[in-house]
Amino acid sequence: MCLLPVEAGGLNETLLLHIEEMNDLRRRDYGNDDSLLSQTITFLRFPLTAAVVLIHSTFDRVIVNGVTLVDVGNHPVYTFVKTLFADGFAHVAVPTFFFISGFLFFYRKEFSLQTYKDKLAGRFTSLFIPYVFWNVVVILLRVLTQMLLPGMTSGGKKMFADYGPADWLKCFWTFEGMDMPVCYPFWFIRNLMVMVVLSPLIYFLVKRLGLLFPAVVCILWITGLAEGGTGPWAADGLMFFSFGAYYSVFGKNFVTEFRRIPLKAAVAAYLVLVALRMYLVVTDCDWAVTVHEVSVVVGVVTVIRVTSRLPENGKAHTAGLLASGAFFIYAYHCMPVMLFTKLWAKFVPVSDAAMIAGMFVIATALVLLGLGLYRCCERFFPAVTNIITGGHGYKTDNKQ
């Protein structure tokens, strides 16, 4: 995804681990690896969220008061590093979230009308309410910025004072002609809600066609016959969501299935594809996009395959502040990241080294700041925090 951006790419339902379903996951009999499955999913929440933050901490479009502060075309070293890490490795994050979301959505029981109604009710709390809240917050902050700090805006956006009813509604769907809402990492949640609404059709197709359905969508996406990216109807999100749904619909433990792939072979295949993509980017070859998309598919499997070894070997802890604060970090970071990148580009002399350092420093600072803010909110406003994060906090988990 993007994805996501990806965007973008936010976060990334686990991010969005639904509490009720995670408890059922722990109870359901997937064999001896059911605990490992739960731990693997939970562990992925934080690092994949951090990857989404990194994606947004770049300097590609840093504009202040109509002036572009950074021309990345003059900085090939930064562009290479950014393409490798932010557009490459980190780009696996949102597709992985879509994959896990598809798995979690369908695994509880046989899909029925009542199940569908229950799912819609649950997603209203865990997806829709946070979606509206955080978009409203971003709108308010943008309004305040235009009023109090007009010199820090890009100057290319329509003033909120000139908005009509249609403009306000588009803030929650496709802001200013983009494929994302005004809280842009939430394109993932918007697309996820679209899939929730269409879930009976997705279930029917997966049940009848098995892996053939996501495979066909994948081919359409990679060949360019179906549009991918951050749009509401992006094919890559549907493909990964359906891919995850397949394992749940047919009662398969995807961690067990992926562990049949030799670890070294999975890692080697992914790294070869990444290296090939970077070579094609440097040589300005059109095949770079296709290879990148193939690498994302392989990357999702590889990330899960690698991660599944960590809890088993006692090298990963899946509970605590990092996992519980992931959704908050994902939700809040789009607001300060724009300010941080503008300030860095404005006050730090522009160079390849400065922008490479800034990309990683800003992402790290945003993650740490997000964890601190989340901890304060959880401590002093636990009920509100639970609502605006869709019930994905650590305390909420332990109450179930």
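Biologist: Which residues of α7 are buried?

Modeller: This is a predicted model, in which local features need pLDDT of at least 70 and side-chain atom pairs count only at pLDDT 80 or more, while totals for chains, interfaces and linings use all residues. Residues are numbered from 1 along each chain as its sequence is written, and side-chain values use heavy atoms, with hydrogens and water left out. Buried means under 20% relative accessible area, exposed means over 50%, and partly exposed is in between, with a 1.4 Å probe and protein chains only. Helices are DSSP runs of H or I with at least four residues, strands are runs of E with at least two, and both are numbered from the N terminus. The buried residues of α7 are Trp187, Phe188, Ile189, Arg190, Asn191, Leu192, Met193, Val194, Met195 and Val196. Ten of the eleven residues of this helix (residues 187-197) are buried, so α7 is largely enclosed by the rest of the structure.

Biologist: What covers the buried residues of α7?

Modeller: Here one looks for contact, which means heavy atoms within 4.5 Å. The cover of the buried residues of α7 includes α4 (93-106), α5 (113-148), α8 (199-209), α10 (235-249) and α16 (326-332).

Biologist: Which residues touch the most other members of the largest nonpolar core?

Modeller: In soluble globular proteins, nonpolar side chains tend to be buried together. A nonpolar core is a set of buried Ala, Val, Leu, Ile, Met, Phe, Trp, Tyr and Cys residues joined through side-chain atoms within 4.5 Å. In this structure the largest one has 101 residues, of which Trp134 and Phe254 touch the most other members. Helix α2 (residues 34-56) gives the largest share of this core, eleven residues. Leaving aside neighbours within four places in sequence, the contacts of Trp134 include Cys183, Phe186, Phe327 and Ile388.

Biologist: How many aromatic pairs are there?

Modeller: A pair of aromatic rings is described by the distance of the centres and the angle of the planes. Rings of Phe, Tyr and Trp (its six-membered ring) pair if their centres lie within 6.5 Å, and planes under 30 degrees apart count as stacked, over 60 as edge-to-face and the rest as tilted. By this rule the count comes to 38 aromatic pairs. In one of them, the rings of Tyr247 and Phe258 have their centres 5.6 Å apart and their planes at 85°, so the pair is edge-to-face. Tyr247 lies in helix α10 and Phe258 in helix α11 (residues 254-258), so the pair ties together parts that are eleven residues apart in sequence.

Biologist: With which residue does Lys82 form a salt bridge, and how far apart are the closest N and O atoms?

Modeller: A salt bridge is a side-chain nitrogen of Lys or Arg within 4 Å of a carboxyl oxygen of Asp or Glu, and a search of the whole structure finds four. Lys82 forms one with Asp60, where the closest N and O atoms are 2.8 Å apart. Lys82 lies in helix α3 (residues 76-85) and Asp60 in the loop between α2 and β1 (63-64), so this pair ties together parts that are 22 residues apart in sequence. Lys82 is buried, with a relative accessible area of 9%, whereas Asp60 counts as partly exposed at 28%. Asp87 also forms a salt bridge with Lys82, with the closest N and O atoms 2.8 Å apart.
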